[in-house]
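This report looks at charged side-chain pairs and at one helix. The sequence and the structure come first, and the discussion follows.

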Amino acid sequence: MNHKIIKLTDHPTGTAVINVNQAGENAITLVKGANDEFTDADLESLSNLVADDYLLVQNEINADINHKAISLADERGAHVVLNPAPSYVVPEDILAQCAFVIVNEHELKEVFRINGFQDIDDIDAELLYLSEKYQTNIILTLGAKGSKAAYEGQILTHQGHKVEVVDTTGAGDCFCGVFVSCLSRDMGLQRALEIANKAASISVTKLGANNSFPQSKDVE
């Protein structure tokens, strides 16, 4: 994969203002700044994608470039994992090009156009319905309750881990990164979900985002 740094002098640096309450839950105000100025030329970074590569995409850059990146990766046979955060209504054709869509409860409602659900503990049928309707596998992260995955017509459930929560900031990013890393190393879906759950649980025991992410030895 090609790597490059782009410096824009006429746009502010992207900024996230994070507020954390006493329970460790966070509310984030995002100002995209230069992150919202990607162009078609930046898609050249994906020129080396080949079949069975993985592309992890989130929503902190402009949506049109995200969508083009997803389509490009799908055309090349790569596996696209979309974490639509911050959430918005993702076009149906884009969802269908994703191997996995990873969402929390709030993102599930907005991305998949549903008003809500009766009970998070009884959401299996809803996930299977949405997965079939939008032609993608769905992973629902549930914080301390773990995660559920609607995968090829089946529900996979992984329980959460009881930890002392300090700061939940970045837990979703940690989950997604570890999940894709495990899949790319052919660990299989069950194992990838198990390790991602553990890593995210460890991350919330420390302050901050990327500096709270555990190393492989910590998860093991």
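## A pair of neighbours in sequence

Is D218 buried, partly exposed or exposed? In this predicted model, D218 has a relative accessibility of 37% and therefore counts as partly exposed, since that class lies between the limit of under 20% for buried and over 50% for exposed. K217, at a relative accessible area of 62%, is exposed.

The side chains of K217 and D218 form a salt bridge, with a distance of 3.5 Å from N to O.

## Salt bridges in the model

The structure contains five salt bridges, and the pair of K217 and D218 is one that has already been described. In general terms, side chains of opposite charge can pair when their charged atoms come close.

Another salt bridge brings together the side chains of D40 and K68, at 2.8 Å from N to O. This pair links distant parts of the chain, for D40 lies in the loop between strand 2 (26–31) and strand 3 (54–58), whereas K68 belongs to helix 1 (residues 63–75), and the two are 28 residues apart. Both partners are classed as partly exposed, with D40 at 43% relative accessibility and K68 at a relative accessible area of 38%.

## A pair within helix 6

E194 and R191 also meet through their side chains in a salt bridge, at 3.2 Å from N to O. These two residues are three apart in helix 6 (residues 189–203), so about one helical turn separates them. An α-helix has 3.6 residues a turn, which means that residues three or four places apart point the same way. The relative accessible area is 28% for E194, which is partly exposed, and 39% for R191, which is likewise partly exposed.

## Helix 6 and its surroundings

Helix 6 is made up of 15 residues and spans 21 Å from its first C-alpha to its last, close to the 21 Å expected at 1.5 Å a residue.

Which residues of helix 6 are buried? They are L189, A192, L193, I195, A196, N197, A199, A200, S201 and S203. The elements that cover these buried residues include strand 5 (100–103), strand 6 (137–141), strand 7 (147–151) and strand 8 (154–158), together with helix 5 (171–184) and helix 7 (216–219).

Terms used: Residues are numbered from 1 along each chain as its sequence is written. This is a predicted model: local features need pLDDT of at least 70, side-chain atom pairs count only at pLDDT 80 or more; totals for chains, interfaces and linings use all residues. Side-chain values use heavy atoms; hydrogens and water are left out. A salt bridge is a side-chain nitrogen of Lys or Arg within 4 Å of a carboxyl oxygen of Asp or Glu. Helices (H or I, at least four residues) and strands (E, at least two) are DSSP runs, numbered from the N terminus. Buried means under 20% relative accessible area, exposed over 50%, partly exposed in between (1.4 Å probe, protein chains only). The expected span of a helix is 1.5 Å times one less than its number of residues. Contact means heavy atoms within 4.5 Å.
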